[in-house]
Amino acid sequence: MARKAPREEPGEDALEVTEPKTWAAGVPAVTKALRMGHDQMGVRRTALTLLKVNQKQGFDCPGCAWPEGDHRSTFEFCENGAKAVAEEATVRRVTPEFFAAHPVSELAGRSDYWLGQQGRLTEPMYKPAGSPTYVPVSWETAFDVVARELERLDSPDEAAFYTSGRTSNEAAYLYQLLVRRFGTNNLPDCSNMCHESSGSALGETIGVGKGSVHLDDLHDADLIFVVGQNPGTNHPRMLSALEKAKGRGARVIAVNPLREAGLLRFRNPQNTRGVAGKGTTLADRFLQIRLGGDLALFQALSRLLLDAEEAAPGTVLDHDFIAAHTYGFEDYAAHLGKLDWDAVAEATGLTREEIEATAADVLSARSVVVCWAMGLTQHKHSVPTIREVVNFLLLRGNIGRPGAGVCPVRGHSNVQGDRTMGIYEKPDPGFLDALRDEFGFEPPRRHGFDAVETIRAMGTKEVKVFFAMGGNFVSAAPDTAATERALRACRLTVHVSTKLNRSHAVCGDEALILPTLGRTERDRGPDGAERFVTVEDSMSMVHASRGGLPPASAHLRSEPDIVCRLARRLFGPDDRVPWAAFEADYDAVRDSIARVVPGFEDFNTRVRRPGGFTLPHAPRDERRFPTATGRANFTVNAVAVLRVPPGRLLLQTLRSHDQYNTTIYGLDDRYRGIHRGRRVVLVHPGDLADRGLADGDHVDIVSEWQDGPERRAEAFRAVAYDTPRGCCAAYFPEANVLVPLESVADTSNTPTSKSVVVRLEPRTGDQPHGGDQPA
């Protein structure tokens with residue numbers, strides 16, 4: 001099929017602002033999904049592809065990690081899932097002729113949107129040192145370049161190997177095996193920049209760094225908190241689960257700085273009420289919290305539970321559960337007795353009446369689930385905040401029983417599976433022992449670099465080779481200017497990718513782009529037989545993924561094949577790891593995983609069952625908590641109040657509706673009323689007035705971090721918006737330039753992208769505005 005030209009970007013004056021929506025999905029979602037499919041794939045290809053998304057014999061959506069139920073509809077996808085599929089299954093192609101016509105310096109000046117719209121990569125491309133352009137090379141030459149540079153290093157720790165959450169379980173297992181066989185634990189991944197705080201907090205408090213709920217638990221809960229999350233855009237299929245829970249009598253409490261349309265009302269396009277009716281009101285209560293105030297909120301709710309228990313002993317707390325399964329309750333209760341309600345009010349921006357009404361909802365609920373996303377994980381005090389969520393649930397025994405538990409909602413489709421497969425810079429010694437016993441070599445024990453540490457190490461030339469298995473590292477990472485300088489300081493940068501992105505234009509001395517198969521495409525082995533891979537969703541379900549489309553190019557290779565062929569070139573044909581066997585047969589990879597990774601016993605048999613299988617989770621399955629104390633741990637956490645200097649605001653970065661992570665599908669955020677542009681900052685009207693600004697003024701956003709240099713994002717349009725006073729919001733990756741590399745969460749080292757201190761500076765004269773521009 002001929003390559004369809006991408007749509008032209010709108011000009012600088014095209015941006016339009018309308019009233020935000022008060023409901024999500026409905027017919028417009030269907031219309032937008034089909035139009036995107038038609039533009040990228042054509043009518044027939046759209047139908048063939050979308051009908052296989054998330055089906056038991058189909059492929060896993062390359063978008064979010066929300067689980068599928070046992071009973072699946074014909075249309076088991078959402079608007080943004082359809083966009084993700086269309087982007088991957090596009091008929092647009094990026095050929096060697098494209099690279100010849102577009103030097104790296106030109107690509108570096110293009111927006112993320114423009115780059116992504118060019119289509120699928122088709123051949124391995126190499127930028128030699130000093131060359132202004134990429135040129136096509138054979139796979140053999142590409143592997144020779146990588147092996148040559150890795151072999152030149154004085155230490156394996158001078159290389160870093162990044163992983164995106166789209167990587168399958170099989171590819172992730174082989175990738176970490178290659179890296180540890182090479183001799184390093186430098187395995188930064190996208191978790192480091194999103195849900196690392198969740199894993200850190202949950203591992204300490206309940207002993208497992210994953211969520212404790214099944215999809216049925218969400219359906220059966222009496223009360224569901226949705227905190228720091230916008231499911232209408234980021235996990236749209238979650239809205240159907242909330243709708244089902246509401247139908248069974250659940251109440252939903254939304255805790256978020258912005259009124260997100262999907263949590264106000266959901267018009268499900270798969271039923272009559274959603275198409276012709278008003279849909280379902282989801283949030284029974286909306287708490288418009290200040291950025292970073294969630295710790296104070298949950299501590300206040302817990303204090304009110306203790307007060308209620310004191311007023312009616314034996315009726316509120318689950319004393320049997322606390323006595324049998326927890327540690328540290330007395331110290332925690334004593335800490336709550338000293339709660340400063342003035343600090344709570346300042347931190348949350350909520351009234352005492354709002355918090356007390358929420359506590360009344362909790363008291364009337366037998367089972368509670370708390371869901372959260374990056375609104376909780378990207379603050380300096382994120383780990384204490386999530387520990388406080390656990391405290392709140394432990395008080396009434398809401399972990400380890402039906403309809404209750406912790407539910408961190410992860411983004412990338414297999415980010416959780418990557419960690420399960422060993423993609424972690426601080427590996428568990430038991431996992432390394434199992435690798436040693438399986439393959440007969442001693443894996444490195446020294447902890448490696450996470451994402452932030454990798455950027456610093458590249459900047460100081462401690463890391464000289466950067467290899468990325470998927471993702472768009474430049475646009476995902478904080479402190480864009482520092483990240484770009486770091487990558488350009490490398491001797492070699494390598495990206496395994498399906499599509500063109502900004503990271504390909506930020507090169508080391510030498511650079512490689514290695515094109516790989518997407519989830520939508522057929523993967524055939526050396527014998528011509530079709531193969532499948534597996535993924536793990538946010539709720540620990542492992543299932544198969546089988547693509548059905550012909551590959552975008554005959555030159556594409558699967559991620560497992562790329563890893564195995566590089567390993568064969570790097571370690572030779574007689575290596576003790578059977579790389580050739582793994583490349584030829586994914587079943588052999590899964591058999592090895594079954595021997596190394598707990599919970600994957602009889603992997604090949606169980607994953608072939610329709611729907612796959614669920615991994616064990618001791619707190620959920622047995623009410624057993626594998627922590628240092630052998631119990632679920634109450635923790636004492638100080639209330640954090642984020643205070644900023646006079647005239648400053650607290651900024652959060654967020655996604656638009658036409659976006660998934662760093663992939664920009666379009667320039668509309670229709671639920672928030674932003675159209676044909678992305679360089680906007682959402683500010684409370686009172687905060688604009690206090691700064692002498694008006695709705696529509698053009699500003700630079702300047703971030704301030706201690707005594708360090710200021711960071712500037714230029715030419716943004718100020719939009720008067722319903723945010724908490726003192727808070728504002730802008731889209732990433734455009735606003736990532738404002739996030740200081742040094743500003744990270746305690747314990748998890750996650751960038752603090754949800755709490756950046758900024759000031760707004762008016763633009764003078766005739767300044768550009770509105771259009772989509774590179775950061």
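**Aromatic rings and side-chain contacts**

Biologist: Over the face of which residue does Arg-181 lie?

Modeller: A charge counts as sitting over a ring if NZ of Lys or CZ of Arg is within 6 Å of the ring centre and within 35 degrees of the ring normal. This is a predicted model, in which local features need pLDDT of at least 70 and side-chain atom pairs count only at pLDDT 80 or more, while totals for chains, interfaces and linings use all residues. At 5.5 Å from the ring centre, Arg-181 lies over the face of Phe-571.

Biologist: At what distance from the ring centre of Phe-532 does Arg-546 lie?

Modeller: Residues are numbered from 1 along each chain as its sequence is written, and side-chain values use heavy atoms, with hydrogens and water left out. Arg-546 lies over the face of Phe-532, and its distance from the ring centre is 4.7 Å.

Biologist: How many aromatic pairs does the structure hold?

Modeller: Rings of Phe, Tyr and Trp (its six-membered ring) pair if their centres lie within 6.5 Å; planes under 30 degrees apart are stacked, over 60 edge-to-face, and the rest tilted. The number of aromatic pairs in the structure is 22.

Biologist: Why is the pair of Phe-161 and Phe-182 classed as it is?

Modeller: The ring centres are 6.2 Å apart and the planes stand at 70°, so the pair is edge-to-face. Strands (E, at least two residues) and helices (H or I, at least four) are DSSP runs, numbered from the N terminus. The class that follows from the 70° angle is edge-to-face.

Biologist: How many residues apart in sequence are the parts that Phe-225 and Phe-298 tie together?

Modeller: These two form a tilted pair, with 5.5 Å centre to centre and 55° between the planes. Because Phe-225 lies in strand S8 (residues 223-227) and Phe-298 in helix H15 (residues 294-311), the separation of the parts, in residues, is 73.

Biologist: Is Asn-749 buried or exposed?

Modeller: Asn-749 is found in the loop between strand S32 (727-731) and strand S33 (756-762). Buried means under 20% relative accessible area, exposed over 50%, and partly exposed in between (1.4 Å probe, protein chains only). Because its relative accessibility is 15%, Asn-749 counts as buried.

Biologist: With the side chain of which residue does the side chain of Asn-749 make a polar contact?

Modeller: Not counting residues up to four places away in sequence, Asn-749 touches Asn-192, Asp-450, Val-452, Glu-453 and Val-744, where contact means heavy atoms within 4.5 Å. A polar contact is a pair of N or O atoms within 3.5 Å; within protein, one must be able to donate a hydrogen and the other to accept it, and residues adjacent in sequence count only if both atoms are side-chain atoms. At 2.9 Å, the side-chain partner of Asn-749 is Asp-450.
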